[in-house]
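Subject: Handover of a structure and the findings from it

Dear colleague,

Please find below the structure that I am handing over to you. The findings follow it, and I would ask you to keep the model open as you read.

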Amino acid sequence: LAGVQRQILDVEAEFRCSVRRYRTGHKRTVIERFRVIAVRDSKTGEYRVYVTNAPPDMLPAEAVVQTYRLRWEIET
């Protein structure tokens, strides 16, 4: 993210994932597409990065921070 000037960066990226079948233990590699959203923290200037499979029409980039903050509270 060095050199990025935007407040919010919303891109689609491919991730290589290793998937293991539990019964056989056989592993295979798959490529999955996810949204990567980086939001600049106004106090520190650093980016917080989120990865989601929610499409933009379901979860706008501007709502990601609050949504994931609430989701983390539920998890803990």
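A nonpolar core is a set of buried Ala, Val, Leu, Ile, Met, Phe, Trp, Tyr and Cys residues joined through side-chain atoms within 4.5 Å. Buried here means a relative accessible area under 20%. Please bear in mind throughout that the model is a predicted one.

With that definition in hand, the largest nonpolar core has 7 residues: Ile37, Val39, Tyr50, Ala54, Leu59, Ala61 and Val64. Strand S2 and helix H1 are the elements that give two or more residues to this core. In soluble globular proteins, nonpolar side chains tend to be buried together.

The sheet

Three strands form an open sheet in the order S1-S2-S3, and their pairing is antiparallel. From one strand to the next, the twist averages 30°.

S1 and S2 are paired in the antiparallel sense over 13 bridges. Across this pairing, aspartate 10 stands opposite isoleucine 37 in S2, and isoleucine 37 is one of the core residues. The hairpin of S1 and S2 has 6 residues between the strands, and there glycine 25 takes a positive phi near 75°.

S2 and S3 also pair in the antiparallel sense, over 6 bridges. Valine 39, another member of the core, stands opposite arginine 48 in S3. These two strands form a hairpin with 6 residues between them, and glycine 45 in the turn has a positive phi of about 80°.

The helix and the aromatic pairs

H1 lies across S1, S2 and S3 and runs at about 90° to S3. How many aromatic pairs does the structure hold? There are 2 aromatic pairs.

In one of them, the rings of phenylalanine 15 and phenylalanine 34 have their centres 5.6 Å apart and their planes at 75°. Planes over 60 degrees apart count as edge-to-face, so this pair is edge-to-face. Phenylalanine 15 belongs to strand S1 (residues 8-20) and phenylalanine 34 to strand S2 (residues 27-40), so the pair ties together parts that are 19 residues apart in sequence.

Tyrosine 50 and tyrosine 68 form an aromatic pair that is tilted, with 5.9 Å from centre to centre and 50° between the planes. Tyrosine 50 lies in strand S3 (residues 47-52) and tyrosine 68 in helix H1 (residues 61-75), so this pair ties together parts that are 18 residues apart in sequence.

Is tyrosine 50 buried or exposed? Tyrosine 50 is buried, with a relative accessible area of 16%. Leaving aside residues up to four places away in sequence, tyrosine 50 touches Arg35, Val36, Ile37, Val64, Val65 and Tyr68.

Threonine 52 lies in strand S3 and is buried, with a relative accessible area of 4%. Its side chain makes a polar contact with the side chain of tyrosine 68, at 2.8 Å. Not counting residues up to four places away in sequence, threonine 52 touches Phe34, Arg35, Ile37 and Tyr68.

Arginine 35 lies in strand S2. Arginine 35 is buried, with a relative accessible area of 6%. Where does the side chain of arginine 35 reach? At 2.8 Å, the side chain of arginine 35 reaches the backbone oxygen of alanine 54, and alanine 54 is itself in the core. Beyond residues up to four places away in sequence, the residues that arginine 35 touches include Asp10, Tyr50, Thr52, Leu59 and Ala61.

Asparagine 53 lies in the loop between S3 and H1. In contrast to the buried threonine 52, asparagine 53 is exposed, with a relative accessible area of 65%. Asparagine 53 and glutamate 32 are 21 residues apart in sequence and 9.7 Å apart in space, C-alpha to C-alpha.

A colleague

How values were computed:
Residues numbered from 1 in each chain as written. Predicted model: local features only at pLDDT ≥ 70, side-chain atom pairs only at ≥ 80, totals over all residues. Heavy atoms only, no water. Phe/Tyr/Trp six-rings, centres within 6.5 Å; stacked < 30°, edge-to-face > 60°. Helix = DSSP H or I, 4+ residues; strand = E, 2+ residues; numbered from the N terminus. Buried < 20%, exposed > 50% of the residue type's maximum accessible area, 1.4 Å probe, protein only. Pairing = 2+ DSSP bridges. Axes fitted to C-alpha atoms, helices over the stretch in contact; angles between N-to-C directions. Contact = heavy atoms within 4.5 Å. Polar contact = N/O pair within 3.5 Å; in protein donor to acceptor, adjacent residues only side chain to side chain.
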